[in-house]
Amino acid sequence: MTHDIAAAEFAPRRITVIGCGYLGAVHAAAMATLGHDVLGFDIDTDKIALLEKAETPFYEPGLESLLTEALATGRLRFTTSYAETAAFGDVHFLCVGTPQSAESNAADLSYVDGAIETLAPLLTRPCLVVGKSTVPVGTAERIRDTLAELSPVGAAVRLAWNPEFLREGFAVTDTLTPDRLVVGVDAQGDADELAALYQPVLIHGMPWVVTDLATAQLVKSAANAFLATKISFINAMAELCEATGADVVALADAIGHDVRIGRKFLQAGLGFGGGCLPKDLRGFMARAEELGVDQALHFLRDVDDINMRRRRRAVEVTTQLLGGSVTGAHIAVLGAAFKPDSDDIRDSPALDVATILHERGAKVRVHDPKALGNARRSRPALSFVDDPIDACRDSDVVLHLTEWKVYRELDPVDLGKIVAHKRILDARNALDSAAYVRAGWDVRALGRPNVNR
Ligand code: UGA
């Protein structure tokens, strides 16, 4: 049911946030600025030491100032003690990671299970545990039973599910002004408790959606599967465009004018990566198989395949631009993060393309405004430089693989003076290709006709 509950009354609570990664760190700081007393927990002592100084181990615009603001209120503290966490909270938000399992497509739930099994025996008075981690449907019900079994107060420890839809790079805005809040509950009283907790967010008038536990878990999987499908749909159209000489950017603009379709998430290019869409897609398929409804999600296999084909296509076009072989070629790679405004390189399409070209004998130099540290640690065989101009100097081809604003601001005329050959692949369809053509570059893009002609 969707309610308009702008009238709910605010109730400041003692909140804990278990797991202070992207999701948890932002949630903890946001809840403190809203007026709650918050204790952030993580097992990683280094992470907690940084957060206590309003610093983050990852790049997220606006988060350090939100942390500074929250710490200054005196309502935000951090700990590495489960006992302190259990004793403090009336409401415990579970925000630990659920990465893809090393052995299969399924989600690795060991952090979720570890946290619940350690916390539950320490919960000695009635409280509400609220899951925010992305989990396969059915996990919440299992956690609810574990909590009741292991806590000394049994079923007085209640469970709700409150999926999170924040995007990296926009995490602060998405948390303080989300486009909806979804809570899955067993009892209306738990939804009312959460409405009072979220009241300062809800006064902005966004939809408040109350469901059962299963639906709330599925909403998250369905949302990410839909977003991935939308991206792969336009990338499938890019393959058609490449075969026919049509232009996928014009096509996306044209179909995007239909409000039922919409232009968002129709940016064709190198496809999706990151710590969420790829693993959530695979985890969703794995769960459907366990439930005996694998056919229902069979199409997501194609969504995944189309996505991975874009990386191979970028390698193919690069090879064509270089006249048939990449061996010994100097290749400048602009972008290592899985998307701009992030230093996250998990399942990064850009780094995959750079690695394949390196393995085929090219001399690859990678630049990224924020992700160089992470990229260096993860792909030590590649070369990295701190300046995009240094990456491009004397290169035989430039690859634009992550659409950072700083790359759009490069001047094609000036850049043309320092490269060995004026060849560029805009794998994100984000550069001013006409300006590059005017400056004498051989320009290629994914899903677009040869723009030089
Ligand atoms: C995604 C969802 O957008 C969030 O709603 C969700 O909360 C989050 O996963 C999560 O599950 O935690 P995020 O991974 O931060 O957020 O990144 P997106 O902005 O969704 O981008 C994902 C990938 O798709 C990026 O590699 C991006 O370059 C690519 N993309 C996006 C495209 O290739 N084309 C587009 O049109 C849009």
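**A pocket, a cavity and a ligand site**

Good morning. I begin with the second largest pocket, which has a volume of about 200 Å³. Of the 13 residues in the lining of this pocket, Glu242, Arg313, Arg448, Pro449 and Asn450 are the closest to its centre. Helix H10 (213-244), helix H13 (299-321) and strand S15 (442-445) each give two or more residues to that lining, and the largest share, three residues, comes from H13. By class, the lining of the second largest pocket divides into five nonpolar, three polar and five charged residues.

Before I continue, some terms are needed. This is a predicted model, in which local features need pLDDT of at least 70 and side-chain atom pairs count only at pLDDT 80 or more, while totals for chains, interfaces and linings use all residues. Residues are numbered from 1 along each chain as its sequence is written, and side-chain values use heavy atoms, with hydrogens and water left out. On a 1 Å grid over the protein atoms alone, a cavity is a set of points where a 1.4 Å probe fits but cannot get out, a pocket is an open set with protein on both sides within 12 Å along at least five of seven lines, and lining residues have an atom within 4 Å of a point. A volume is the space filled by probe spheres set on the points. Helices (H or I, at least four residues) and strands (E, at least two) are DSSP runs, numbered from the N terminus.

I turn now to the cavity. The structure holds one cavity of 30 Å³ or more, and the largest cavity has a volume of about 90 Å³. Its lining consists of Thr98, Ala107, Thr134, Val135, Pro136, Ser221, Lys279, Asp280, Gly283 and Phe284. Helix H12 (residues 277-290) provides the largest share of this lining, four residues. By class, there are four nonpolar, four polar and two charged residues in the lining of the largest cavity, with Gly counted as polar. Domain 1 (14-211) and domain 2 (277-445) each contribute at least three residues to this lining.

Finally, what surrounds the ligand? Of the 21 residues around the ligand, Leu166, Glu168, Lys220, Asn224 and Gln267 come nearest; a residue counts here if one of its heavy atoms lies within 4 Å. Among the polar contacts (pairs of N or O atoms within 3.5 Å), an N or O atom in the side chain of lysine 220 is 2.8 Å from an oxygen atom of the ligand. A polar backbone atom of glycine 273 is 3.0 Å from a ligand oxygen atom, and a polar side-chain atom of lysine 339 also lies 3.0 Å from an oxygen atom of the ligand. The protein covers 90% of the 720 Å² of accessible area (Shrake-Rupley method, 1.4 Å probe) that the ligand has on its own. H10 gives the most to the shell around the ligand, with four residues.

Thank you.

Key: Domain bounds come from an automatic or database domain assignment. A polar contact is a pair of N or O atoms within 3.5 Å; within protein, one must be able to donate a hydrogen and the other to accept it, and residues adjacent in sequence count only if both atoms are side-chain atoms.
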